[in-house]
Amino acid sequence: MNQTARIISIYAADTSGVCSALYEFGGMTVIHDASGCNSTYTTHDEPRWYDKKSMMFISGLTEKDAVMGNDDKFINDLIIAANELNPKFIALCASPLPAMIGTDLEAIAYAVENETGIPSFSVKTNGMNSYIYGIQNAFLELAKRFINAKSSSNSNIKSNIESTVIFDNKTSKIKVNILGMTPLDFPKKEYFNSLKSFIEDSGMILNACMGMETSLCEVENLADANVNLIVSSSGKPLGEYLYDKYNIPYVKGVPYGIGFAEKIKESLILSANKKTCIDATKDLREKGRVAILGESVLSASLASALLIDKGIKADVLETVGEGDFEILKDFDISCDDEKILEDTLKNFDTIIGDPLFKPICKGKNFIELPHEAFSGRCFTKNSPNLINTNISII
Amino acid sequence: MIKIAIYGKGGIGKSTITSNLSAALAHLGKRVIQIGCDPKADSTANLLSGNPVLPVMNYMRDFDKEPESLEEISRVGFGNVLCIETGGPTPGLGCAGRGIITTFSLLEELNLFEKFKPDAVLYDVLGDVVCGGFAAPIREGLASKVIIVTSGEKMALYAANNINSAVENFKERSYASVRGIVFNRRNVLNEEEKVLEFAKSHNLEIIADIPRSDDIIRFEDEGKTVIEGDPSLDVSKRFLDLAKLLIKEDEECK
């Protein structure tokens with residue numbers, strides 16, 4: 001059987017991704033699903049659940065509602081909840097059941113917005129894609145709905161491509177958006193703090209973060225940035241949208257280690273000045289006997305950081321995502337099949353990955369790098385912060 | 001863009017009307033896509049001279065995978081009309097409505113409209129709006145207008161009434177609205193009075209009146225529409241007039 005996981009865990013689903021992405025923006029996020037099914041998200045995928053309040057709901061879909069097409073009941077519940085809670089927006093996403101029967105969440109959102117006046121939208125999910133797909137779509141929908149283009153500096157509008165601003169990192173400060181940051185990839189607040197410090201210590205300004213330690217105001221101001229830093233695949237479609245629509249270029253990479261963090265800094269300055277998009281890992285990767293398992297942007301960044309700081313050559317085995325070969329190199333592999341992964345891993349001496357990959361890495365030197373989207377909170381406390389610091393895991 | 005979903009009772013002549021309308025639009029120089037949304041997968045037969053297109057659901061069943069290109073699930077017919085059929089699951093099993101939704105998602109993923117850049121898209125939909133799948137063609141972004149095909153027969157008018165009510169119920173969702181009725185004559189007793197009465201009581205316009213015609217049957221036997229067979233026939237002119245009306249309305253919207 002292809003694409004099955006008999007031994008290892010599976011990644012958080014797209015619905016968890018939507019909730020994670022929208023957690024801090026003051027909206028009401030509703031998964032259209034049977035009652036009880038949101039516990040997967042709250043118990044496994046959301047470290048903020050007990051510290052920070054957010055309006056995350058499940059619709060309580062029943063078999064009868066599904067068979068009878070009782071969309072009106074859902075619409076009424078949404079209207080009642082919205083009038084009571086007054087969220088800044090309403091986001092709807094589908095679990096497998098409504099996706100299967102083709103519930104038109106876009107139309108339901110339209111009806112709810114007409115009735116309540118609260119901006120409402122649906123986020124494309126089916127409960128069967130990975131968290132990345134959910135976050136990508138959630139960020140994109142939110143940005144399309146809330147970016148305040150009028151507040152953006154006009155030099156960013158696509159039609160006005162020629163920018164006269166030269167950022168020398170002293171006289172003009174570069175405004176940076178972080179795109180693709182959620183606890184599913186960055187489970188601790190200290191990661192955000194480190195990234196913010198890295199940007200500020202580099203002489204730049206953090207304009208907005210999508211989406212940790214953030215608010216809806218930051219979404220509104222997204223177009224004010226000079227450059228975007230895409231720190232995971234989850235931020236990629238939003239980065240492309242901001243480039244296409246507002247001419248804000250992006251740099252892909254997480255500033256892991258010391259040397260690679262410096263490379264990211266240089267790339268951000270170059271990108272802001274030249275208005276070009278940069279893969280910071282380009283030319284900083286070599287095929288090796290070390291395999292890094294996980295999401296492509298984080299893993300490729302770690303591989304580059306290991307090469308620069310320690311001279312270690314590492315391949316990326318993208319175990320979640322769509323095969324992003326813009327950042328993956330031709331010797332990297334995208335693989336969501338346990339058996340193929342197990343066989344591929346035999347070619348490596350050292351494996352870096354979430355501890356739940358360990359059972360298929362027998363006899364190998366295994367270095368634990370917990371990934372919240374794969375193992376939930378099981379190993380969060382052991383998750384090392386590698387941002388702009390010496391890498392000590394290997 | 002002209003975006004029409006054509007509904008009506010099973011066997012009332014939806015596929016005949018749709019393919020003749022597609023052919024008429026093509027005859028007038030428009031780039032047309034016709035999507036048959038019926039498990040029978042016979043909507044586009046008269047545009048393809050007897051060389052049917054492989055329906056999307058059949059492709060997925062036969063190859064156990066999704067098609068990767070539009071070419072695998074479409075054929076170009078008369079007047080360069082791009083013909084697509086959703087097809088359906090194994091008879092008696094699965095879910096036909098879901099099949100339509102799957103097909104539409106797939107066509108979106110394959111960037112059908114961006115690649116083909118049509119002037120008109122016609123959805124020929126199975127009988128009645130029986131479930132969510134069969135309402136999919138009238139969702140936001142797909143068809144913007146519904147045409148109901150009916151004769152003066154009691155059950156055809158009954159189905160027409162159901163379809164009109166269903167579309168009316170979707171008004172709050174920004175779905176398509178009913179543009180009017182295509183009166184497909186069967187020459188039953190008091191047919192004209194019955195259809196006129198139905199149209200009046202539902203405040204609907206009869207936008208085309210298609211006579212019962214042996215020419216339609218004759219050319220269908222040859223795998224053709226009457227537009228392809230002989231555009232100068234009176235019945236062909238009725239389809240051309242409908243096409244011109246839709247083109248004019250579309251241009252007025254721009």
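Reply: Strands here are DSSP runs of E with at least two residues, helices are runs of H or I with at least four, and both are numbered from the N terminus. Two strands count as paired if DSSP finds at least two bridges between them.

The model is a predicted one, in which local features need pLDDT of at least 70, side-chain atom pairs count only at pLDDT 80 or more, and totals for chains, interfaces and linings use all residues. Residues are numbered from 1 along each chain as its sequence is written, while chains are lettered from A and ligands numbered from 1 in the order in which they are written.

Within the sheet, β1 (residues 2–8) and β6 (residues 145–150) of chain B run parallel and are joined by five bridges. Ile4(B) has Lys145(B) in β6(B) as its bridge partner. On to the next pair: β6(B) and β7(B) also run parallel, with six bridges between them. There Thr150(B) stands opposite Phe183(B) of β7(B). Strand β7 (residues 177–184) of chain B is largely enclosed by the rest of the structure, because six of its eight residues are buried. A residue is called buried when 20 or more other C-beta atoms lie within 10 Å of its own, exposed when there are 12 or fewer, and partly exposed in between, with C-beta atoms placed from the backbone.

Chain B has 10 helices along with its eight strands. Its radius of gyration is 17 Å, close to the 18 Å that the globule rule gives for 254 residues, so chain B is as compact as a globular protein of that length. That radius is taken over C-alpha atoms, and the rule is 2.2 Å times the number of residues to the power 0.38. The C-alpha trace of chain B spans about 50 × 40 × 40 Å along its principal axes. Of the 254 residues in chain B, 51% are buried. Among its contacts between residues at least 6 apart in sequence, 77% join residues at least 24 apart. A contact means that the C-beta atoms of two residues, placed from the backbone, lie within 7 Å.

Two loop residues of chain B stand out by their backbone angles. Asn111(B) is not a glycine, yet its phi is positive, near 55 degrees. Asn111(B) sits in the loop between α3 (96–109) and α4 (112–116) of chain B and is exposed, with 10 other C-beta atoms within 10 Å. Lys117(B), also not a glycine, has a positive phi of about 50 degrees. Lys117(B) belongs to the loop between α4 and β5 (120–125) of chain B, and its 10 C-beta neighbours inside 10 Å make it exposed.

Chain B also touches chain A. The contact takes 11 residues from chain A and 12 from chain B. On the side of chain A, α5 (96–101) and α6 (105–116) each supply at least two residues. The most comes from α6(A), with five residues. By class, the residues on the side of chain A are five nonpolar, four polar and two charged. Ala, Val, Leu, Ile, Met, Phe, Trp, Tyr, Cys and Pro count as nonpolar, Asp, Glu, Lys and Arg as charged, and the others, Gly among them, as polar.

Chain A itself is divided into domain 1 (14–146), domain 2 (166–279) and domain 3 (290–382), with bounds from an automatic or database domain assignment. The C-alpha centres of domains 1 and 2 of chain A lie 28 Å apart. Between these two domains, 20 residues of domain 1 are in contact with 20 residues of domain 2. On the side of domain 1, α1 (14–22) and α7 (131–146) of chain A give two or more residues each. The largest share of that side, nine residues, comes from α7(A).
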